[in-house]
Amino acid sequence: MTRQPLIAGNWKMNKTLPESVAFTRDVVTALAAHPITVDVVVAPTLLAVHAVAQAAEGTPIQVAGQNVHPSESGAFTGEVSAPMLKAAGCNYGIIGHSERRQMFGDTDEFVQQKLRALLNHSLKPIVCLGETLEEREKNQTKERVSSQLSIACQNLTAEEAARVTVAYEPIWAIGTGLTASPEQAQEIHALLRQQLVESFGKNVANTMRILYGGSVKPSNIESLIQQPDIDGALIGGASLKVDLFTDIILTAQQFNEQS
Ligand code: PGA
């Protein structure tokens with residue numbers, strides 16, 4: 001495999017600052033016996049980003065912001081900018097999560113502006129996209145994810161695209177216990193990969209990671225990551241428990257070593 005798997009935990013609005021730091025230390029301890037060959041990212045709440053980045057320094061864990069505003073600074077109460085995330089120790093930023101899209105009104109265009117801001121500040125975007133249950137039932141999945149991807153990646157050079165990770169997260173699978181079957185996910189991942197090939201060429205598209213997200217847990221990570229176009233996972237619920245999160249990381253790692 002040419003792509004290094006990425007396992008990312010999105011903690012959403014969970015864990016206080018001390019809990020976040022303690023959790024990070026526990027994950028580091030749990031992984032200490034294993035040389036880690038997959039990329040591991042955690043996205044704590046904003047208040048804990050800096051402390052988690054410090055606790056993770058010198059370990060395989062990297063830190064992501066859960067959101068970002070396109071502007072560098074200004075009168076945007078409650079928001080955070082890319083240079084602020086960077087200065088606090090992040091090197092990734094999650095954008096376009098369905099909770100942001102559904103609850104906070106993030107549009108495809110706004111997600112594209114956020115992606116641009118992250119790239120401008122040397123942060124690696126993890127751009128989430130996915131269909132609702134209604135869209136799936138109406139057979140609109142492909143159209144929906146394809147338009148989300150093309151708007152998010154508008155005006156990117158191939159060099160910029162190479163720094164982007166895509167996360168396919170069917171909304172009906174997030175936090176519901178329902179997971180897309182590995183075949184269902186692979187079908188969409190292959191479609192997204194093909195679109196990336198058309199936009200950025202085969203060489204770049206083949207280095208770009210496409211994560212799956214939606215009720216990933218230790219019992220399903222193996223069958224997901226075995227799919228040729230699934231390069232890791234974006235995990236909500238199961239990333240909040242040390243044993244579940246480390247199990248997922250170690251399973252992905254085992255697969256990486258075998259392939
Ligand atoms: P979940 O969340 O793993 O709890 O389904 C996934 C996500 O929101 O990224």
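This is a predicted model: local features need pLDDT of at least 70, side-chain atom pairs count only at pLDDT 80 or more; totals for chains, interfaces and linings use all residues.

Analyst: Residues are numbered from 1 along each chain as its sequence is written, and side-chain values use heavy atoms, with hydrogens and water left out.

User: Are H1 and H12 roughly parallel or oblique to each other?

Analyst: Helices are DSSP runs (H or I, at least four residues), numbered from the N terminus. H1 (residues 17–31) packs with H12 at about 45 degrees, the axes being 10 Å apart; axes are lines fitted to C-alpha atoms over the stretch in contact, and angles run from 0 to 180 degrees between N-to-C directions. Angles under 35 degrees count as roughly parallel, over 145 as roughly antiparallel, 65 to 115 as roughly perpendicular and the rest as oblique. H1 and H12 are therefore oblique.

User: Which residues of H12 meet H11?

Analyst: H11 (residues 218–225) and H12 (residues 242–258) pack at about 25 degrees, with axes 9 Å apart. That makes H11 roughly parallel to H12. Contact means heavy atoms within 4.5 Å. Pro218, Ile221, Glu222 and Ile225 of H11 meet, in H12, Leu244, Asp247, Ile248, Thr251, Ala252 and Phe255.

User: How far is an oxygen atom of the ligand from an N or O atom in the side chain of lysine 12?

Analyst: Residues surrounding the ligand include Lys12, Ser215 and Gly237, each with a heavy atom within 4 Å of it. A polar contact is a pair of N or O atoms within 3.5 Å. For the side chain of lysine 12, the distance to a ligand oxygen atom is 2.6 Å.

Methods: Helices (H or I, at least four residues) and strands (E, at least two) are DSSP runs, numbered from the N terminus. A polar contact is a pair of N or O atoms within 3.5 Å; within protein, one must be able to donate a hydrogen and the other to accept it, and residues adjacent in sequence count only if both atoms are side-chain atoms.
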